[in-house]
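Here is a short walk through one protein model, written to be read with the sequence and the coordinates open beside it. Please take a look at both, and then follow along below.

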Amino acid sequence: MYKGFLTVDTACNQCGLDYEKVDSGDGPAVFIILIVGFIVTFAALFVETTFKPPYWVHVVLWGPCILGLSIGLLRPFKATLIALQYRHSAVEGSVESGAQGDDGES
């Protein structure tokens, strides 16, 4: 699926599925910010209240943790959002015909 770390290839090597129109946008980054932020914040609070280490321990401990989790989760989240886009036939700028508006009229 990828030809670089995050660069999506033009087509699937196995089945030939066209990846030209896929775009995950900023979705993966937003999900990762929320998930990693939640994990690291509560882990740091737990460590602080339980062990009360000096501040340099937090820097040494949580800096690499944030970097590792963020980089490690980026590819799977991007692939998941691209797969969901493909599964639901989502394309930019299109709206389902016959969809109802907020007032219930079609």
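Predicted model: local features only at pLDDT ≥ 70, side-chain atom pairs only at ≥ 80, totals over all residues.

## Cysteines and overall make-up

The structure holds zero disulfides, a disulfide being a pair of cysteine sulfur atoms within 2.5 Å.

Residues are numbered from 1 along each chain as its sequence is written, and side-chain values use heavy atoms, with hydrogens and water left out.

Of the 106 residues in the protein, 18% are buried. Here buried means under 20% relative accessible area, exposed means over 50%, and partly exposed lies in between, for a 1.4 Å probe and protein chains only.

## How the two helices meet

Helix 1 covers residues 27-51, and helix 2 covers residues 55-87. Their axes come within 9 Å and cross at roughly 150°. Such axes are lines fitted to C-alpha atoms, for helices over the stretch in contact, with angles running from 0 to 180 degrees between N-to-C directions. The two helices are therefore roughly antiparallel to each other, a label for angles over 145 degrees, whereas those under 35 count as roughly parallel, 65 to 115 as roughly perpendicular and the rest as oblique.

From the helix 1 side, the residues in this contact include Phe-31, Ile-32, Ile-35, Val-36 and Ile-39. From helix 2 they include Trp-62, Cys-65, Ile-66, Leu-69 and Leu-73. By class, the contact between the helices has 18 nonpolar, three polar and two charged residues. In this scheme Ala, Val, Leu, Ile, Met, Phe, Trp, Tyr, Cys and Pro are nonpolar, Asp, Glu, Lys and Arg are charged, and the others, Gly among them, are polar.

## Residues worth a click

Start with Ile-32 in helix 1. Is Ile-32 buried or exposed? Ile-32 counts as buried because its relative accessibility is 5%. Beyond its neighbours within four places in sequence, Ile-32 is in contact with Gly-37, Ser-70, Leu-73, Leu-74 and Phe-77. Ser-70 lies 38 residues away along the chain, yet the two C-alpha atoms are separated by 6.3 Å.

Ser-24, in the segment before helix 1, also counts as buried, at 15% relative accessibility. Leaving out residues up to four places away in sequence, Ser-24 touches Lys-78, Leu-81, Ile-82 and Gln-85. Between Ser-24 and Leu-81, which are 57 residues apart in sequence, the C-alpha to C-alpha distance is 5.9 Å.

Further along helix 1 sits Thr-41. Thr-41 and Trp-62 are 21 residues apart in sequence and 9.2 Å apart in space, C-alpha to C-alpha.

| Residue | Relative accessibility | Class |
|---|---|---|
| Cys-65 | 26% | partly exposed |
| Thr-41 | 42% | partly exposed |
| Lys-52 | 58% | exposed |
| Ser-89 | 59% | exposed |

Lys-52, in the loop between helix 1 and helix 2, has a phi near 50°, a positive value in a residue other than glycine. Ser-89, in the segment after helix 2, is not a glycine either, and its phi is positive at about 50°.

How values were computed. Helix = DSSP H or I, 4+ residues; strand = E, 2+ residues; numbered from the N terminus. Contact = heavy atoms within 4.5 Å.
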